[in-house]
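Hi everyone, thanks for coming.

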Amino acid sequence: MLKRLILTAMRQALRLCYLPFLLLRPKEKVVFISRQANVPGMDFVLLAQELRRRQPRLQIVTLCRMIPPNLFGRVRYGLHLFTQMAHLATAKAAVLDGYCLTACMLRHHRQLKIYQLWHALGLLKTFGYTALDSPEGPSSQNARIFCMHRGYHRIFCSAPGLIDAIARCYDAPPERV
């Protein structure tokens, strides 16, 4: 009960901190955000190259940072969330390769479209909503508090045969995958 109250208060505090960022105007910008690695993956690199080729004036920002295991690293990552918020507030599109707290939990301007690129070629593990309350997955309570995988406009996967399974993992309608 206390943990839920603390996490809910943190969510509300983050949403409150985001409000001033919403006064900024969206630009012709795409932000790529990842917690999977500290450097962009090949999917981000290739997609960014193609976007630059098609729209040379498009601003592309890549924010790749894993959450460190130590307390100091986690505090630094917490400050990094403000960088993510600034870029999400001024972008017209965000591309993610995993769960992103700031993309899912915050209420963004209507122009922002959020795209989720599943970071694996297939579906070799359960994750997201198919792993709730299991040893390898999050708790249902935390999924609700952190708005896990909410707000995506499109979810990409590697093959049409995976659409239904990926939709279940993200608790999204198959038409969005």
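Let me start with a word I'll need in a moment: contact means heavy atoms within 4.5 Å. And please keep in mind that what you see is a predicted model.

Okay, the first stop is helix 6, residues 163–170. The buried residues here are Ala165, Ile166, Ala167, Cys169 and Tyr170. What do the buried residues of helix 6 pack against? They pack against strand 4 and strand 5.

We have an open sheet of 5 strands, paired in parallel, and the order is 2-1-3-4-5. Which strands stand at the edges? Those are strand 2 and strand 5, and each has a single partner strand, so one side of each has no neighbour in the sheet. Going from one strand to the next, the twist averages 15°.

Let's go through some of the pairings. Strand 1 and strand 2, residues 59–64, run parallel and are joined by 6 bridges. If you look at serine 34, you'll find cysteine 64 of strand 2 opposite. Strand 3 pairs with strand 4 in the parallel sense over 4 bridges, and there valine 95 has tyrosine 115 of strand 4 as its bridge partner. Strand 4 then pairs with strand 5, also in the parallel sense, over 3 bridges. Tyrosine 115 turns up again here, with arginine 154 as its bridge partner in strand 5.

Let me zoom in on strand 1, residues 29–34. Is this strand enclosed or open? Well, 6 of its 6 residues are buried, so strand 1 is largely enclosed by the rest of the structure. Lys29, Val31 and Ile33 point one way, while Val30, Phe32 and Ser34 point the other way, and all of them are buried.

Helix 2, residues 42–54, lies across strand 1, strand 2, strand 3 and strand 4, and runs at about 175° to strand 1. Helix 3 packs on the sheet as well, touching strand 1, strand 2 and strand 3, and its direction makes about 150° with that of strand 1.

Leucine 96 is buried, with a relative accessible area of 0%. Leaving out residues up to four places away in sequence, leucine 96 touches Ile33, Phe44, Ala103, Ile114, Tyr115, Gln116, Leu117 and Tyr152. Leucine 96 and arginine 35 are 61 residues apart along the chain, and their C-alpha atoms are separated by 8.9 Å.

Last stop, two helices. Two packed helices are described by the angle between their axes and the distance between the axes. Helix 1, residues 2–18, packs with helix 3, residues 71–89, at an angle of about 50°, and the axes are 10 Å apart. That makes helix 1 oblique to helix 3. The crossing is right-handed. Which residues make the contact? From helix 1 we have Leu14, Cys17 and Tyr18, and from helix 3 we have Phe82, Met85, Leu88 and Ala89. Sort the residues of that contact by type and you get 7 nonpolar, no polar and no charged.

Definitions and conventions. Residues are numbered from 1 along each chain as its sequence is written. This is a predicted model: local features need pLDDT of at least 70, side-chain atom pairs count only at pLDDT 80 or more; totals for chains, interfaces and linings use all residues. Side-chain values use heavy atoms; hydrogens and water are left out. Axes are lines fitted to C-alpha atoms, for helices over the stretch in contact, and angles run from 0 to 180 degrees between N-to-C directions. Helices (H or I, at least four residues) and strands (E, at least two) are DSSP runs, numbered from the N terminus. Angles under 35 degrees count as roughly parallel, over 145 as roughly antiparallel, 65 to 115 as roughly perpendicular and the rest as oblique. A crossing is left-handed if the near helix is turned anticlockwise from the far one by less than a right angle, and right-handed if clockwise. Ala, Val, Leu, Ile, Met, Phe, Trp, Tyr, Cys and Pro count as nonpolar, Asp, Glu, Lys and Arg as charged, and the others, Gly among them, as polar. Buried means under 20% relative accessible area, exposed over 50%, partly exposed in between (1.4 Å probe, protein chains only). Two strands pair if DSSP finds at least two bridges between them.
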